[in-house]
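Here are a few exercises to work through with the model open in your viewer. Try each task before you read its solution.

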Amino acid sequence: MAMAMIADPQGGPRDRQRTPGRGIAFALAVLVHLAFLGVLIFSIRWQSHAPEPVSAELYAPIAAQPSPRATTQPAPRVEPAPPPANPTPPPQPVVAKPEPAPPPKPVAVPERPDPQTAEIALKMRAEAERKQRVEALRRAQEEEQKRVADIARQREVQKQLDDKKRADEKKTADARERQQREMSQMQAQADKELQARSQAESTSRAKANADAATQSAMADWIKRIQAKIRGNVLIPPDMAGNPEAIFEVVQLPTGEIIDTQLKKSSGVRAYDDAVQRAIIKSSPLPKPDRPEMFSRSLTLKFRPSD
């Protein structure tokens with residue numbers, strides 16, 4: 001009998017085991033539909049605009065289909081085995097008792113939303129959105145003001161850098177110009193000093209040349225005077241040696257002698273007197289080549305052997 005219970009697919013314990021599964025599936029389907037309905041109502045309640053139509057299709061739970069093997073193939077017939085000589089009782093199959101299905105959890109059915117509550121919720125949501133927009137606009141304005149302030153600060157810093165650069169360039173240009181001006185002044189002063197020195201040297205050379213020429217002309221003039229006087233000197237016959245007598249002669253521009261004095265004697269009185277008589281006899285004396293060379297007083301030197 002136990003073997004008949006296991007082999008029969010249409011009835012018995014298997015039918016009793018399949019019944020709790022159908023209840024669980026039906027309960028889960030109901031829970032899913034109720035949860036979907038609750039979410040739908042909740043979303044409609046919190047929407048700020050007219051809800052769009054939503055279509056939902058409800059499906060009935062699928063009935064359990066019998067096993068294809070059970071329907072298509074007949075159950076094999078089992079022939080009882082011949083009893084052994086000492087028959088032993090066959091082991092009884094242990095049939096697991098099906099556990100009772102847990103009772104379905106109560107599903108909270110959402111209440112129908114109140115229109116006034118929905119309107120208040122919509123106003124609150126609109127107010128929250130308005131505050132968010134205002135806050136976003138305020139933040140955007142603050143960021144724009146900060147950006148403008150940063151740009152202004154950067155421009156101010158750049159302007160300070162440009163001003164400092166221009167000031168440094170002007171200072172450098174002024175220093176360079178001052179240096180060039182000082183160098184020009186120094187060069188001009190050096191040129192002026194060089195020119196003055198050159199002019200002084202030229203003047204000195206010219207003066208030296210003029211003095212040399214004057215001295216040369218003066219010496220030539222004195223030589224001509226001495227030659228004329230010497231031609232009138234009568235040297236004493238007993239004159240020994242070559243002593244020198246010096247006379248100072250005072251004359252007029254015309255060469256007329258107005259005075260003669262012995263400044264240094266030769267040591268021979270006769271020679272000194274002979275020279276003095278010759279000076280007076282030589283008046284008027286020769287005139288210089290240039291009038292500016294005239295000298296009122298002349299110092300003349302005489303030697304017997306000259």
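The exercises below go from the overall layout to the strands and then to the core.

Some ground rules before you start: this is a predicted model, where local features need pLDDT of at least 70 and side-chain atom pairs count only at pLDDT 80 or more, while totals for chains, interfaces and linings use all residues. Residues are numbered from 1 along each chain as its sequence is written, and side-chain values use heavy atoms, with hydrogens and water left out.

**Exercise 1. Find the pairing partners of β1.**

Two strands pair if DSSP finds at least two bridges between them. Take β2 first: β1 covers residues 245–251, β2 covers residues 257–264, and six antiparallel bridges link them. Glu248, for instance, has Gln261 as its bridge partner. Five residues separate these two strands in a hairpin, and Gly255 in the turn has a positive phi of about 95 degrees. Now look at β3 (residues 297–302), which is also antiparallel to β1 and joined to it by six bridges. Here Ile246 is bridged to Lys301. Finally, check the cover on β1: six of its seven residues are buried.

**Exercise 2. Locate the largest nonpolar core and trace the contacts of Phe302.**

A nonpolar core is a set of buried Ala, Val, Leu, Ile, Met, Phe, Trp, Tyr and Cys residues joined through side-chain atoms within 4.5 Å. The largest one has 19 residues, and Ile229, Ile279, Leu300 and Phe302 touch the most other members. At least two residues each come from α4 (115–230), β1, α5 (269–281) and β3. The top contributor is α5, with five residues. For Phe302, count contacts as heavy atoms within 4.5 Å. Leaving out residues up to four places away in sequence, its partners include Gln226, Pro243, Phe247, Tyr271 and Val275.

Key: Helix = DSSP H or I, 4+ residues; strand = E, 2+ residues; numbered from the N terminus. Buried < 20%, exposed > 50% of the residue type's maximum accessible area, 1.4 Å probe, protein only.
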